[in-house]
Amino acid sequence: MSSLIESVAAELRRLVLAGELAPDERVVELDLAARLNVSRTPLRLAFTELEREGLFERLPKRGFRVRRVTLEEVAQAIDVRGTLEGLAARTAAESGISDALLRELRTCVTEGRALVDAATAGHSLHSENWVAMNIRFHRALVLSANNPVLAATLAHVAKTPLAAPGAVALGGMQPALELAFLTRAQADHEDILNAIEAREGARAEALLREHARRSRDNKRLLIQAGVEFPDGGAAVVAAERAKATGPKKALSATKWEGGMG
């Protein structure tokens, strides 16, 4: 894709993930062309790209609408991500990892521990910093496998709402719960790094897959409880709300297995 089409697709993706384009809403070329200040040709090509990603679907006669992404699709995407990242971790442990990537993983683990320890001691939880670190940690893991096909497949999977490593924080809306999640995720990162350094491939792979499983299960429960994710979850939450019946249950940080990453 050209840079213009990529930028248009990125903005459309943001609108969908933020809920500004709602599930089942028909996307109108003229309106979006004016809103994004682009001609209709790159817009149509961007529509096709989002159709490939599963965020848009083609209407029977003409045009597109925002596809309703289900909670089950999010869970499946996270499962696939965990499997592929597990393979990356195993490859890094068994085949070796470059000094630069190993330093990056160690730096991420050190930064994450400092953020979690500060929050546990009563300081503000800077979840945005932890999210940024988490993205770097997972990116370094993927790069450590030196497998372009794996990396490209993961990049595609991560376009599913709430499936990417960056979709881990709750925007400060549930601070105790958020800290519980990030504390467990931080412990996972430390264990994964230790397994890679010890050249324990099977253990590194299993830890990564378990890390993803916890993220999947907790996101499912949070969405079913109606918790709003600040980035990427609006469409999925809206779809689940349409199905939900009965009052929402209160959330307690003591009842969760923890982990999000």
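Start with α5 and α6: these two helices are roughly antiparallel to each other, because angles over 145 degrees count as such. This is a predicted model, in which local features need pLDDT of at least 70, side-chain atom pairs count only at pLDDT 80 or more, and totals for chains, interfaces and linings use all residues. Residues are numbered from 1 along each chain as its sequence is written, and side-chain values use heavy atoms, with hydrogens and water left out.

**Stop 1: α5 and α6**

Select residues 99–120 for α5 and 127–144 for α6. Helices here are DSSP runs (H or I, at least four residues), numbered from the N terminus. The two axes come within 9 Å and cross at roughly 155 degrees. Axes are lines fitted to C-alpha atoms over the stretch in contact, and angles run from 0 to 180 degrees between N-to-C directions. The crossing is left-handed (the near helix is turned anticlockwise from the far one by less than a right angle).

Now show side chains. On α5, pick out Leu101, Leu105, Val109 and Leu115, among others. Facing partners in α6 include Trp130, Met133, Phe137 and Leu141. Contact means heavy atoms within 4.5 Å. By class, this contact has 12 nonpolar, 4 polar and 3 charged residues. Ala, Val, Leu, Ile, Met, Phe, Trp, Tyr, Cys and Pro count as nonpolar, Asp, Glu, Lys and Arg as charged, and the others, Gly among them, as polar.

**Stop 2: α8 and α9**

Select 175–197 (α8) and 201–224 (α9). Their axes lie 8 Å apart, at an angle of about 165 degrees. That makes α8 roughly antiparallel to α9. The crossing is left-handed. Among the contact residues of α8 are Phe181, Arg184, Asp188 and Ile192. From α9, find Leu207, Leu208, His211 and Arg214, among others.

**Stop 3: α2 and α3**

Select 29–36 and 40–53. Here α2 and α3 pack at about 110 degrees, with axes 10 Å apart. That makes α2 roughly perpendicular to α3 (65 to 115 degrees). Glu29, Leu30, Leu32, Ala33 and Leu36 of α2 meet Arg40, Leu43, Arg44 and Phe47 of α3. The contact divides into 6 nonpolar, no polar and 3 charged residues.

**Stop 4: the largest pocket**

Centre on Ala155, Ala158, Ala164, Pro165 and Gly166, the closest to the pocket's centre of its 26 lining residues. The volume is about 580 Å³. Colour α1 (3–17), α4 (71–95), α6 and α7 (148–157): each supplies at least two lining residues. Which helix gives the largest share? Return to α6, with 5 residues. The lining has 15 nonpolar, 4 polar and 7 charged residues.

A pocket is an open set of points on a 1 Å grid over the protein atoms alone, where a 1.4 Å probe fits, with protein on both sides within 12 Å along at least five of seven lines; lining residues have an atom within 4 Å of a point. Points are joined across faces, edges and corners, and a volume is the space filled by probe spheres set on them.

Methods:
Parallel < 35°, antiparallel > 145°, perpendicular 65-115°, else oblique.
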